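Subject: Structure handover

Hello,

Here is the structure we talked about, with its sequence. My notes on side-chain contacts follow below.

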Amino acid sequence: MPRLFATWRGWVIAAVIALQVWLPLRYYLGTRDPHDERFAWRMFSPMRMARCRTTFADRGAPIALGGEFHEAWLELAQRGRFAVVEAMGAELCHRRSNAAITIAMDCTYLDQPAASFASGADGRMHASTPPADICGAD
């Protein structure tokens, strides 16, 4: 091992290997979104088969998303990707003046019990909380 770090090439090799290990591990260790499965070696996990029913509402009235967003965004929302759902909510706030957008998401899984998530006043998705208006989030 000491010979590896004796040259600059050894340091580059060690840095590349460390990066290759760290990038996928950060999704296990530092993510708040259990549905985020962007690495190919995770695509075979049961989480890939999670299905979520995401409901966007403006002051309690459901919003039809078909005319608002591209089909690819709607598919990612059905997979429960928090970042996508939060971005969709922020975009709806931007498009609709004086809106009070709330988001509720009910997910089913192959290998674990169903779970519910909702928008918080901070504009982010949270587990098992009542939906809050995201348009006032900073």
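The side chains of R59 and D58 form a salt bridge, with N to O at 3.5 Å. This is a predicted model, so please read every distance here as computed from predicted coordinates. R59 is exposed, at 60% relative accessibility. D58 is buried, at 17%. The cut-off for buried is under 20% relative accessible area, so D58 falls on the buried side at 17%.

The pair is also part of something wider. D58 and R59 belong to a salt-bridge network that also includes E68, E91, R95 and R96.

How many salt bridges does the structure hold? The count is eight. In general, side chains of opposite charge can pair when their charged atoms come close.

Two further bridges deserve a note. R53 and D106 meet through their side chains at 2.9 Å, N to O. R53 is in strand β1 and D106 is in strand β3, so this bridge ties together parts 53 residues apart in sequence. R53 counts as exposed, with 53% relative accessibility. D106 is partly exposed, at 31%.

The other bridge joins the side chains of E75 and R79, at 3.4 Å from N to O. Both ends have intermediate accessibility values. E75 is partly exposed at 28%, and R79 is partly exposed at 24%.

Now the aromatic residues. Searching the whole structure gives two aromatic pairs. The ring centres of F69 and W73 are 6.3 Å apart and the planes are at 20 degrees, so this pair is stacked. Planes under 30 degrees apart count as stacked. F69 is buried, with 10% relative accessible area. W73 is partly exposed, at 38%.

The rings of F82 and F117 have centres 5.1 Å apart and planes at 70 degrees, so they make an edge-to-face pair. F82 sits in helix α3 and F117 in strand β4 (residues 115–119), so the pair ties together parts 35 residues apart in sequence. F82 and F117 are both buried.

What sits over the ring of F69? The charged end of R95 does, 5.0 Å from the ring centre. R95 is also a member of the salt-bridge network with D58 and R59. F69, for its part, is the buried partner in the stacked pair with W73.

Last, the nonpolar core. The largest one has 23 residues. F56, I101 and M105 have the most contacts inside this core. The biggest contribution comes from α3, with six residues. In soluble globular proteins, nonpolar side chains tend to be buried together.

Which residues is F56 in contact with, leaving aside neighbours within four places in sequence? The list is A61, P62, I63, L65, V85, M88, G89, L92, I101, T102 and I103. I101 on that list is also among the residues with the most contacts inside the core.

Best wishes

Terms used:
Residues numbered from 1 in each chain as written. Predicted model: local features only at pLDDT ≥ 70, side-chain atom pairs only at ≥ 80, totals over all residues. Heavy atoms only, no water. Core = buried A, V, L, I, M, F, W, Y, C linked by side-chain atoms within 4.5 Å. Buried < 20%, exposed > 50% of the residue type's maximum accessible area, 1.4 Å probe, protein only. Helix = DSSP H or I, 4+ residues; strand = E, 2+ residues; numbered from the N terminus. Contact = heavy atoms within 4.5 Å. Salt bridge = Lys/Arg side-chain N within 4 Å of Asp/Glu carboxyl O. Phe/Tyr/Trp six-rings, centres within 6.5 Å; stacked < 30°, edge-to-face > 60°. Lys NZ or Arg CZ within 6 Å of the ring centre and 35° of its normal.
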